[in-house]
Structure formats: structure tokens, C-alpha cells
Amino acid sequence: MIISFDIDNTLIPYSNEFEVENKGLLSKILGAESIRKGSIQLFSELENKGHSIWIYTTSYRSAFNIKKTFKSYGLNPSRIINEETNQQFLKKHNCSASKNPSLFGIDLHVDDARGVEIEGAKYGFETIIIDINDEDWANKILKKIRGIELNMAWRFKELLVTLITLKSNAKKQRAFNGVGQAEDDMVDDFDNFYSRSRDVLMEYDYITATEDSILSKLAKLIRLKCEDPENAFWYQLESHQDWEIIRGLASKVLLKMKKENFEVEFVHTNEFDDGIMLQRTKTKIVEK
Ligand SMILES: [Mg+2]
């Protein structure tokens, strides 16, 4: 993964906003700037994990001076983007953002400015905003990276899709699941995106304890139904009263998540592989 860092008030304080690394002799001789305490260890951990570290700043410091500062602490960011390079790129791509890491192929940008987070949401790039007072900043970044590697945003979206499907009426459930058994598909999806993902969803604050307690009730009910040897329940989407309990619990958790007005738009496409038809479903969540 390519991870870029802002400079001012992210890695280098304007004045004394946060603690800094001790300056060695080389830093003193080279007249290097002070860098945030924890940077040396964080850079080395990221590099050991195979990530590439870039600097992305709207400062006009020269790339040479920036390199010199980091080098004096034994750090070697792979690429420096200063305001000059940034402006050239933004202009070329007709982009009016102040920064746009995705234009450079950066996977995650670390910054102190909330405005950059807003631009990230607008232009579709991943950010993490670090407060100047945050002493646990390095761990926050490492956790965010793990979250990206675990594809958390995707997992959560799939959980929402599953819950919206579970709360829908039988006709919609059949239309969404297309070819095959709508009931089985919903159970599989719920198992994947809630039961098997529960620990990480909690760890990354995608679901609260209250939401989790409703979801676990839903999981318990579904498990109970799956163990039922008669199993007629599953094939009576329209008529079985237990389906109303399931739809009710799914609605309740979506309400708690403030997602009660969201719906799933989907497109099915069919592919033939060795005479076997495979159906793929593309989904999008939209607010109604
Ligand atoms: Mg800054």
C-alpha cells in the first residue's frame, strides 16, 4: 500500500503542538526540522510490512529540503510531492481539490486537516485525520491500515445489503436473489457478513453494542430455524409468521443504524462457464 503523510502539523509541528523526536547530531548539523515523536518507529513498522511511505504536502518546501530533514532521522520516504508538483497534477487533471492522493495512486493519506477528509469523501480517496493532541496517533494509523486490508468498508456495505434484503417483502427478496434459493442466499450472506465478521465489525466500530445485541438475536433465530429438521420455514417466505419476526429484527437494527431509509438497487448479469450459468449481482445502496 502507498501511504502518504502531510507535513505541517501532521509530522512537523508549526511550533510546539506535539512532542518531537530527539535530534541527533546529523539533524543538528543539517539544520533539519523537528519531526513528531513516534515517526521513526511508525515509518519502520510500515516499511517492514511492505508499505511505501510518501510525503504529500501543500508546502512549497523543496523536495531536497524535505528529504534532508527525514534523512537526518534515518528515514527515506520514497516520494515527495510538494505544492509545486501537486498543483501541476491537479491542473492537468482539472481537479479543484487542495489535494487529491488518488491521482497519484496513493491508497491512504494521513493529514491533520478536516477539509482534506471532506475532499476525500467528495473525490473518492481514503484519509485518516490525526489530531495534534493525539498521542496514540501512530497506532490509529496502523489500525486504519489493517481495516483497509480487511476490506471493512466493503464488509459493512454487504451487511447492510443483507439486512435490507432480510427486511424486504418476499417478492423483493426473490427478485434480489434471482436464480437460486433466496432463503439460502440470505442465510449465507448473513452468516458471512455478520456472524463471521462480528469481531472485526465491533473492533472497527462499524456496529455498536446495542446493534450487536439485535443482530445476535437475529443470528440465534436464523440458526434455530436452520437446525429445524422440518425446515419448511425457509420455503415459505410469503406465508410463514417467523419471517415477520426476522423482517422486524432486520428493520429494528437498520433503524438503530439510522439506515432505515436505505434501499438496495441491483443488476443481475449472467455468465456461462462450461455450460453452467453463473449469476452475478451488482449492488448499490441508495437513500430513498
Ligand atoms: Mg497540515
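Reply: Two residues are in contact if their C-beta atoms, placed from the backbone, lie within 7 Å. With that in hand, 59% of the contacts in the protein between residues at least 6 apart in sequence join residues at least 24 apart. This is a predicted model, in which local features need pLDDT of at least 70 and side-chain atom pairs count only at pLDDT 80 or more, while totals for chains, interfaces and linings use all residues. Residues are numbered from 1 along each chain as its sequence is written.

Before the part itself, here is the setting. The secondary structure comes to 12 helices and seven strands, where helices (H or I, at least four residues) and strands (E, at least two) are DSSP runs, numbered from the N terminus. The radius of gyration is 25 Å, well over the 19 Å that the globule rule gives for 288 residues, so the protein is more spread out than a compact globule; this radius is taken over C-alpha atoms, and the rule is 2.2 Å times the number of residues to the power 0.38. Along the principal axes, the C-alpha atoms fill a box of roughly 80 × 40 × 40 Å. The protein is divided into domain 1 (2-149) and domain 2 (152-257), with bounds that come from an automatic or database domain assignment, and the C-alpha centres of these two domains lie 41 Å apart.

Now to the pairing of strands. Five strands form an open sheet in the order E3-E2-E1-E4-E5, and the pairing is parallel; two strands pair if DSSP finds at least two bridges between them. Strand E3 (79-81) and strand E5 (127-129) are the edges, since each of them pairs on one side only. On average, neighbouring strands of this sheet are turned by 20° against each other, direction ignored. Such angles are taken between N-to-C directions and run from 0 to 180 degrees, with axes that are lines fitted to C-alpha atoms, for helices over the stretch in contact.

E3 and E2 are parallel partners over three bridges, and Trp54 stands opposite Arg79 in E3. E2 in turn pairs with E1 in the parallel sense over four bridges, where Ile3 faces Ile53 in E2 as its opposite residue. Further along, three bridges join E1 to strand E4 (residues 108-111), again in parallel, and Phe5 stands opposite Val110 in E4. Helix H6 (residues 137-149) lies across E4 and E5 and runs at about 160° to E4.

What packs around these strands? The largest nonpolar core has 24 residues, and those with the most contacts inside it are Phe5, Ile55, Leu108, Val110 and Ile141. Such a core is a set of buried Ala, Val, Leu, Ile, Met, Phe, Trp, Tyr and Cys residues joined through C-beta atoms within 7 Å. A residue is buried if 20 or more other C-beta atoms lie within 10 Å of its own, exposed if 12 or fewer, and partly exposed in between. Two or more residues of this core come from each of E1, helix H2 (39-48), strand E2 (52-56), helix H3 (63-71), E3, E4 and H6. Leaving aside its neighbours within four places in sequence, Ile55 is in contact with Ser4, Phe5, Ile7, Ile66, Pro77, Ile80 and Ile81. In soluble globular proteins, nonpolar side chains tend to be buried together. A second, separate core of 23 residues includes Leu163, Leu201, Ile246 and Leu254, and over the whole protein 29% of the 288 residues count as buried.

Another pair of strands deserves a look beside the sheet. Strand E6 (residues 262-273) is hardly covered, as the count of buried residues among its 12 residues is zero. It is joined by 12 bridges to strand E7 (residues 276-287), and the two run antiparallel. His268 stands opposite Thr281 in E7, and in the hairpin of E6 and E7, with two residues between the strands, Asp274 takes a positive phi near 55°. Lys258, in the loop between helix H12 (241-256) and E6, is exposed, with 8 other C-beta atoms within 10 Å.
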